[in-house]
Amino acid sequence: MNATAPENSMIGTGQDLAERIVRSELFKSYQAALMKGTGLAIDFVANDETLRMPYAGHANETRFCRLLRKGTGNAWETANALLLTEAQTVEGALKRTTVAGLLESAIPVRHGTTTVGYLRIGQALASAPEPKALSSFLEQLASKRGLYNTDALSEAYFEIPIVPLNRFSGIVDLVTVFASQLAEQVNRLMLMKRQEEPAAVTKAKQFIVDNLDESLNLKLVAKHANVSQFYLCKIFKASTGLTLTQFTGRLRIERAKQLLLKESRTVSEIALEVGFNSLSQFNRLFSRYVGQPPTKFRDAGSGGQRTPIAVDI
């Protein structure tokens with residue numbers, strides 16, 4: 001049994017939860033007020049949605065971040081994945097400088113004692129943009145062999161909002177208060193979701209979460225859920241949008257990401273701990289979900305991108 005498995009059986013339904021939250025009147029009202037008062041975008045990213053780019057398509061998404069997102073490299077994707085993975089290891093709001101000196105924050109939203117997602121706010125610079133910092137960042141992009149519109153990025157960099165650290169810290173404090181209010185909304189949404197979800201799907205998900213480090217297959221999970229394999233496949237995909245294999249794989253990769261940043265063990269040891277019997281399969285699936293191999297993810301996480309902002313929370 002996996003002693004460190006998440007305690008909430010709703011994990012893995014993050015996309016649906018995120019959509020429900022951002023459509024709620026409470027979130028939309030706060031979002032509009034924050035945008036009007038600060039000019040910054042706010043978004044909600046579920047705990048298992050580390051690959052989704054915050055602010056994507058948002059009215060206040062900076063042109064700089066939009067260009068990064070549309071490039072063929074993964075600089076912005078990696079920065080966001082690292083931020084959320086590190087956020088899962090701390091209790092409160094996390095503030096960090098990410099790519100090109102951008103200020104970013106992840107504020108946890110909880111359902112009971114379980115973090116179900118994060119309010120994201122950022123896309124700002126603490127001080128006036130410096131050509132030297134831009135040049136250094138563009139050199140890093142070139143070394144990654146990604147294709148970006150560097151001329152447009154250079155122009156967009158000087159359009160990024162400037163928010164001094166003390167003001168940014170105050171904004172994060174306000175969003176933290178909102179996160180507590182949003183938790184009540186999450187409780188209602190989760191209850192609605194439980195009522196809508198077939199009991200067999202709930203049983204199957206909890207069994208997978210509780211036995212993540214064991215060898216799992218459709219026959220075993222269906223037996224625990226007391227339904228046929230065919231029926232479980234049908235209702236599980238309809239309820240979660242994922243197959244059982246996809247659901248299990250995503251949970252295992254999320255757990256592996258946390259261990260890679262916190263533990264000094266080898267990649268092989270971590271792969272075994274989260275339930276993979278094949279290192280090549282683990283590497284292949286990790287690269288598919290995260291956008292880079294586990295070794296590169298660990299190296300990036302131990303580098304400059306994790307330098308904390310010198311501001312009290």
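Trainee: What makes glutamate 25 and lysine 28 a salt bridge?

Mentor: The closest N and O atoms of glutamate 25 and lysine 28 are 3.3 Å apart, and a salt bridge is defined as a side-chain nitrogen of Lys or Arg within 4 Å of a carboxyl oxygen of Asp or Glu, so the pair qualifies. This is a predicted model, in which local features need pLDDT of at least 70 and side-chain atom pairs count only at pLDDT 80 or more, while totals for chains, interfaces and linings use all residues. Residues are numbered from 1 along each chain as its sequence is written, and side-chain values use heavy atoms, with hydrogens and water left out.

Trainee: Where do glutamate 25 and lysine 28 lie?

Mentor: Both lie in helix H2, residues 25–38, three residues apart, about one turn of the helix; helices (H or I, at least four residues) and strands (E, at least two) are DSSP runs, numbered from the N terminus.

Trainee: Why is glutamate 25 called exposed, and why does lysine 28 count as partly exposed?

Mentor: Buried means under 20% relative accessible area, exposed over 50%, and partly exposed in between, with a 1.4 Å probe and protein chains only. Glutamate 25 has 55% and is therefore exposed, whereas lysine 28, at 37%, counts as partly exposed.

Trainee: How do you know that glutamate 254 and lysine 257 are buried?

Mentor: Glutamate 254 has a relative accessible area of 12% and lysine 257 has 1%, so each meets the criterion for buried. Their side chains meet in a salt bridge of 3.4 Å, N to O, and, being three residues apart in helix H11, they are separated by about one helical turn.

Trainee: Why is H11 described as largely enclosed by the rest of the structure?

Mentor: Of the 19 residues of H11, 15 are buried, so the helix is largely enclosed by the rest of the structure.

Trainee: What makes the span of helix H11 agree with expectation?

Mentor: The expected span is 1.5 Å times one less than the number of residues, so the 19 residues of H11 (residues 244–262) should span 27 Å, and the end C-alpha atoms are 28 Å apart, which agrees.

Trainee: Why is histidine 58 called buried, and which side chain does it join in a polar contact?

Mentor: Histidine 58 has a relative accessible area of 15%, so it is buried. A polar contact of 3.1 Å joins its side chain to that of glutamine 31; the term requires a pair of N or O atoms within 3.5 Å, where, within protein, one must be able to donate a hydrogen and the other to accept it, and residues adjacent in sequence count only if both atoms are side-chain atoms.
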